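Thanks for coming, everyone. I'll keep this short. Have a look at the slide first.

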Amino acid sequence: MEPPKWIIKFINFYCPPRLAESVIGDVWEQYLRDKERFSKFKSNRRLLWNAFRFFRPGILLRNSKTQLINTAMLRINLLLALRNMRKYKFYSLINILGLAMSIMFGLLVFFYVQNAIQHDSFHEEHESIFRLTKQYRSRETNELLSWNNTTGNQLATDLRNEIPSIKHITRLISGSGYVKKGSETFTEKIMLVDPDFFNIFSFPIIEGTKKDPLMNASQAVISPEMAEKYFGIADPIGKQMEIIVGNDLQSVIVTAVADPVEELNSLPFDVIIHIDHLKSLIQSEGFLIGYDVSFLETYLKLNPDENVAALEQVLTKTYARFAQLTEEDDKKIIKLQPISKLYWWSNKFAQDGEAITYNPDYVYILIGLSLLVIVIAVLNFIMLTSSQSLNRIKEFGIRKTMGAFKRQLSAQLLLEVLILAMAAGAIALVATYYLIPVFNNLANAKLNFRLTGELIGFIVILISIISIISSLISSGVILRLKTTSALKGTLNVGGSSLTRNLMVIIQFTFCVGLIVGTIVFKNQMSYVSNKSLGFEKDQLIEVELPKNMEGKAAAKAYEIFRNELKSNPDVVSTAATMTTMSVVHWTVFTFDQEDDSQLKITFNLVSPNYLSTMGLELLSGRDFREDDTGKAIIVNESLVKEMGWEDPLGMQIPGKDFNRSHEIIGVVKDFNFNSLHTEVAPLILATDVDYIMEGLTGISSYVWPPQFFTAVIKVVPGNAGHIAEDIHAAWQKTMSDLPFEMKYVNDILNEKYKEEKRYSSMINYAAGFSLFIAWLGLLALTRLVIQKRFKEMGIRKVLGSSSFNIILLVARKFVLLIGVATLLASPLAWWLLQDWLSDFAYKVDLNPLIFLFSGLAVIGVTFISISIQSLKISSINPSEALRME
Amino acid sequence: MKKEYLGEFEELVLTMVALLGENAYGNAIVDEISEKIGREVNLSAVHVTLYRMEDKGYVSSEMGGASNMRGGRRKRIFSVTNAGLQMLQTLKEQRQELWSLIPDLKFSSI
């Protein structure tokens with residue numbers, strides 16, 4: 001007959017003891033009466049409901065209220081806090097401003113990191129979606145040779161039949177292709193996938209078939225942007241779309257409109273079509289079967305409870321069987337990359353591929369900087385509150401004499417800090433809301449301001465940490481002071497306190513370190529962007545050649561286009577190339593050697609006058625001639641170095657499968673075609689791929705087939721607008737209505753290093769930001785020191801001291817502190833920067849003068865801040881200072 | 001000192017306490033409200049209101065008898081103080097005065 005014990009215990013737990021007995025009694029009584037009327041289950045439920053209803057402030061806080069929060073004291077403390085804030089407007093303002101700025105910075109970084117972490121997580125069961133990648137390891141040493149994200153065409157199909165635990169599997173390859181709208185043609189990003197793609201990825205289908213929208217080669221799924229572009233406001237479902245894939249014009253029916261979830265997706269698309277279209281893209285049959293040639297990516301979805309490590313081993317074995325790997329080959333180990341790792345670079349996987357990737361180093365720098373900004377703001381806060389509280393030392397003295405406990409005074413300080421921090425937090429939230437578009441622009445991010453629980457939690461934790469730490473330290477400083485001396489006024493208020501000096505040193509250490517870091521960062525960035533790349537990038541224009549022609553036709557089209565340009569006096573020369581400077585990952589060929597080792601060399605197909613057009617320098621041998629056969633190849637310095645050739649001219653690329661002879665006719669000076677992060681890789685330039693292809697045993701490529709995709713045009717300086725028109729006119733004359741795209745190589749290179757530039761400017765802003773906050777603190781601190789010594793200065797002035805002497809007097813101590821800070825900061829900054837620079841193949845030296853300069857800069861700024869404030873004293877009549885009481 | 005007011009629910013509970021006399025405790029008041037005016041109220045609401053009025057000085061309380069029905073717990077019996085009675089009285093007079101000021105109440109159907 002008794003109610004469940006735990007519910008009674010629960011009430012007993014929260015109910016104030018005075019009320020507990022009668023409350024439980026009443027609840028008990030009602031329960032017994034309920035049981036007469038209702039079932040046991042319902043009575044229990046009603047009892048529980050009652051227990052929860054009693055869990056309310058009116059009960060919880062009754063009587064115990066006085067112990068929990070002293071409302072009377074709270075009111076007074078609140079009043080005092082507000083009064084103090086009003087009285088010391090300047091300090092409160094600096095405190096709030098500094099805190100608000102740092103919290104805002106923290107919030108922006110929070111949004112940024114949140115977006116990066118949430119990338120690709122919108123897919124259902126995203127934990128069980130993987131990209132299939134290959135690791136190449138040496139058979140002898142197990143050393144990691146390289147990674148590869150691409151696989152052969154046949155793998156996905158074979159695996160689907162072979163391994164039942166793979167629920168879904170799709171091939172994925174994308175590239176730009178043409179889409180026709182009436183007589184016009186546009187370039188769009190086209191993605192070729194298996195129908196299973198939509199079982200793996202859950203891009204929201206906005207319109208059309210939700211399940212299996214892509215069944216066969218005559219269907220297409222498009223993005224909303226495409227729907228609007230090609231069909232306007234009309235319903236795109238069931239409409240026909242004309243796409244040029246490879247050489248073929250295909251007409252497909254739009255079956256669905258899928259949202260590419262731009263802000264969170266690393267696999268962007270405009271149009272998705274069936275993988276069967278691959279046939280039009282790649283003619284050579286050998287590519288579509290077999291395992292030697294890797295050119296597309298494979299994604300798969302497993303059961304949620306699948307053992308990934310075990311499956312990786314099974315896959316590795318199966319792969320070896322399919323690809324007929326022998327004991328002599330490098331080990332190829334299959335690794336499954338979770339799609340949550342697509343966006344963030346990770347050391348465990350290769351970074352190239354279809355997915356947009358992202359270097360987390362810069363995020364760590366940003367997180368570090370935001371922490372630094374917050375620490376600086378907190379330091380400001382502590383220094384200001386503790387020093388400024390010395391003004392209120394009498395207040396505390398009196399309160400202590402009247403019987404206030406230390407705990408109560410600490411509570412008051414905490415409350416004051418909390419009010420300031422909350423005000424700062426509110427300002428920061430509003431500011432962030434308005435700054436997010438600016439930030440998006442600066443960082444090329446797609447962040448949305450969403451008031452989520454995570455955000456609120458973050459800001460609450462941030463504010464609490466800031467308030468607790470700063471109030472603890474400042475109350476430690478203030479309350480240590482003796483009550484009697486506080487009241488007598490004998491306390492040396494302007495005097496030095498070890499804690500404060502320490503904080504000033506820490507603050508200045510950060511400042512010096514930041515300045516050093518910013519300078520080195522900037523130097524490195526400008527070094528990278530100004531470094532000679534080994535070719536003449538100025539006045540060089542790239543024009544995309546038609547994508548819908550096969551090799552011979554494309555070469556022919558290029559010749560006609562080139563002849564059209566020849567007559568133009570502004571055009572110096574025109575060449576054609578397979579891979580352009582805008583491509584980061586050039587096609588790499590693998591040649592098997594007699595000793596079964598593998599040689600990997602980057603390859604580019606070019607027209608004979610490529611070198612002269614690009615302004616590449618020949619080290620030895622000769623350039624291509626128009627009448628050369630395809631036998632002639634030119635290699636770069638790195639290749640010669642790697643092979644250890646004394647005299648490379650007339651030699652061949654070693655490889656056991658070569659029959660027909662090709663011949664090295666020249667060596668070109670290294671030019672940088674990948675990224676300045678890396679050394680220049682070995683390279684072959686050839687005018688005909690056939691002579692090289694026969695020795696080929698493997699390809700890893702995002703640019704294929706080997707044919708001319710781009711024309712490179714060298715023009716005379718000046719009249720750029722007029723040249724652009726001429727080239728366009730020549731294009732229209734020879735290529736009719738195909739889309740025309742031209743870019744200056746300089747712009748392309750800027751684009752290539754854009755991300756780095758963007759981060760460099762973000763980091764500059766952040767550093768400037770923290771320096772500004774630090775300066776605010778400095779300003780307030782010097783003002784405080786000067787105010788304390790107002791009278792002393794008045795006396796000095798009366799006795800004949802000059803203004804400069806007075807400034808020096810105040811500044812002396814700061815200069816000493818900054819000196820110590822510079823000494824502390826230098827090794828720290830040196831170590832951190834050395835670490836960062838080690839990533840670059842080409843880097844600046846760390847000049848010790850930078851450290852000296854940074855220290856001097858901080859001293860200079862300090863001097864100026866002190867001077868401005870001291871001038872006020874110097875300018876007023878000393879009698880005024882002395883009269884003050 | 002500002003003038004104290006009673007909320008509608010407070011007035012209801014206070015009236016019930018006055019009405020129940022010796023036997024005014026949580027459950028009895030809930031039952032009485034349900035019985036007299038057919039309104040289902042939650043026990044916790046009644047408790048909180050009673051404590052609030054105790055703070056205001058309109059009711060006082062003492063512990064009453066225990067019973068098996070209550071798991072051996074005693075009741076908290078409330079009684080109306082003079083101030084509470086005064087308040088009820090005032091409220092009633094105010095009501096009546098206001099009612100008398102309403103011009104002839106007629107039902108339109110007549």
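**Salt bridges and the chain interface**

Both Glu297(A) and Arg131(A) are buried, meaning under 20% relative accessible area, where over 50% is exposed and in between is partly exposed, with a 1.4 Å probe and protein chains only. Their side chains meet in a salt bridge, at 3.2 Å from N to O. The term stands for a side-chain nitrogen of Lys or Arg within 4 Å of a carboxyl oxygen of Asp or Glu. Glu297(A) sits in strand S11 (residues 297-302) of chain A and Arg131(A) in strand S1 of chain A, so the pair ties together parts 166 residues apart in sequence. Helices (H or I, at least four residues) and strands (E, at least two) are DSSP runs, numbered from the N terminus.

Quick housekeeping. This is a predicted model: local features need pLDDT of at least 70, side-chain atom pairs count only at pLDDT 80 or more, and totals for chains, interfaces and linings use all residues. Residues are numbered from 1 along each chain as its sequence is written, chains are lettered from A and ligands numbered from 1 in the order in which they are written, and side-chain values use heavy atoms, with hydrogens and water left out.

Back to salt bridges. The structure holds 25 of them over all chains. Take Glu188(A) and Lys229(A): their closest N and O atoms are 2.6 Å apart. Glu188(A) is in strand S4 (residues 184-193) of chain A and Lys229(A) in helix H10 (residues 224-231) of chain A, 41 residues apart. Glu188(A) counts as buried, at 5% relative accessibility. Lys229(A) counts as partly exposed, at 31%.

Now the interface. How many salt bridges does the rule find across the interface of chain B and chain A? Four. Arg70(B) takes part in one with Asp26(A), the closest N and O atoms being 2.8 Å apart. Arg70(B) also forms one with Glu29(A), at 2.7 Å between the closest N and O atoms. Arg70(B) lies in the loop between strand S1 (59-66) and S2 of chain B, and Glu29(A) in helix H2 (residues 17-37) of chain A, so this pair joins two chains. Arg70(B) and Glu29(A) are both buried.

What about the contact area? 24 residues of chain B are in contact with 23 residues of chain A, contact being heavy atoms within 4.5 Å. Together the two chains bury about 2100 Å², 49% of it on carbon and sulfur atoms. That area is the accessible area (1.4 Å probe) that two parts lose on being put together, summed over both. On the chain B side, Tyr51(B), Met69(B) and Arg73(B) lose the most area to chain A, together 27% of what that side buries.

Last stop: a hairpin in chain A. S1(A) and strand S2 (residues 144-148) of chain A pair in the antiparallel sense over four bridges; pairing takes at least two bridges found by DSSP. Tyr136(A) stands opposite Ser146(A) in S2(A). Six residues lie between the two strands of the hairpin, and Asn142(A) in the turn has a positive phi of about 60 degrees.

Glu125(A) has a positive phi too, about 50 degrees, although it is not a glycine. Glu125(A) lies in the loop between helix H7 (89-118) and strand S1 (129-137) of chain A. Glu125(A) is partly exposed, with a relative accessible area of 37%.

That's it from me.
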